[in-house]
Each structure stands twice: as structure tokens, then as C-alpha cells.
Amino acid sequence: MSSRIYFMLIAIFTVAGVFQFSGQVSGAQHCGMNTNVLGQLVSQCEKYVLKSGPKIRPSPGCCAVVKKVDVPCVCKFVTKQIEEIVSIEKMIYVARSCGIKISAGTKCGSK
């Protein structure tokens with residue numbers, strides 16, 4: 001898997017480039033994410049959170065995975081590198097579309 005795909009995982013819920021940064025590895029583990037969930041996020045959700053392309057409603061498969069992730073926790077570990085690939089706005093849209101409660105004003109990455 002490429003480092004670009006990993007970055008997307010942590011950002012949503014977002015990614016493996018993150019695994020190259022030890023702080024993010026412990027952050028992902030702290031949020032209860034394992035490599036299986038990360039892999040599912042990439043395969044099911046990447047097209048919904050990439051910066052390029054339109055904002056589209058996530059699939060039921062993506063939502064099933066998103067519901068396994070503590071999104072507010074993951075938001076604390078989103079880096080500038082992740083934000084170069086993943087749209088935080090789309091990530092929050094996907095989470096909310098999947099029924100995840102994210103309070104207005106919640107900080108996710110630098111947003």
C-alpha cells in the first residue's frame with residue numbers, strides 16, 4: 001500500500017504514511033484503530049475524503065467502517081501531511097452522513 005493511501009486512513013479515520021510517524025502510530029492505537037480497520041477505511045472510504053473530486057454521500061460499506069472509528073479522537077492526530085491529501089471538510093461530512101455526532105467547533109487537524 002502506498003504512503004498516500006495510509007495518509008488518507010488516519011485523516012478520516014484517516015492513513016499508512018501516518019505509520020511512518022511514531023506519534024501518529026500511537027495516536028491511531030490510542031483511538032482504538034488497528035491495521036484491519038485502517039485497511040477497511042482505505043478500501044471503503046478513500047474516494048469520499050480525497051481533496052480532489054466532488055463531495056459525495058458515503059456508501060453503506062464506508063459508513064459501516066466509519067462507525068468503528070472514534071472520529072473525534074482521530075481528529076486530534078491529523079497532521080499537515082494528511083491534510084495535503086485528505087479534505088477535512090469531506091471527512092467531517094462523511095462522518096456526519098454516517099451518523100457520527102461531531103459537535104460544531106470540533107477541531108480536526110488544523111481546522
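**Note on a predicted all-helix chain**

1. The chain exposes about 5600 Å², of which carbon and sulfur atoms supply 52%; such areas come from the Shrake-Rupley method with a 1.4 Å probe, and for residues only the protein chains shown count as cover. Of its 111 residues, 50% count as buried, where buried means under 20% relative accessible area, exposed over 50%, and partly exposed in between (1.4 Å probe, protein chains only).

2. This is a predicted model, in which local features need pLDDT of at least 70 and side-chain atom pairs count only at pLDDT 80 or more, while totals for chains, interfaces and linings use all residues. Residues are numbered from 1 along each chain as its sequence is written, and side-chain values use heavy atoms, with hydrogens and water left out.

3. The secondary structure comes to seven helices and zero strands, and read along the sequence the pattern is α-α-α-α-α-α-α. Helices (H or I, at least four residues) and strands (E, at least two) are DSSP runs, numbered from the N terminus.

4. Confidence deserves attention. The pLDDT, the predictor's confidence in each residue from 0 to 100, averages 75 over the chain, and 72% of the residues score at least 70. It is lowest in helix H1 (residues 3-12), at a mean of 47, and highest in H4, at 94. Over residues 1-10 the pLDDT is below 50, although this stretch has 49 contacts in the model beyond near neighbours in sequence; contact means heavy atoms within 4.5 Å. Residues 12-25 also have pLDDT below 50, with 57 such contacts. Where pLDDT is low, the predicted coordinates should not be read in detail.

5. The largest nonpolar core has 30 residues, and among those with the most contacts inside it are Leu-41, Met-91 and Cys-108. A nonpolar core is a set of buried Ala, Val, Leu, Ile, Met, Phe, Trp, Tyr and Cys residues joined through side-chain atoms within 4.5 Å. Helices H3 (35-49), H4 (60-66), H5 (71-75) and H7 each supply at least two of its residues, and H3 gives the most, with six.

6. Helix H3 bends by about 50° at Ser-43, the bend being the angle between axes fitted to the seven residues ending there and the seven starting there. Its buried residues include Val-37, Leu-41, Cys-45 and Tyr-48.

7. Helix H7 (residues 88-97) is mostly covered, with seven of its ten residues buried, including Ile-88, Met-91 and Ile-92. After H7 comes Gly-99, whose phi is positive, near 90°.
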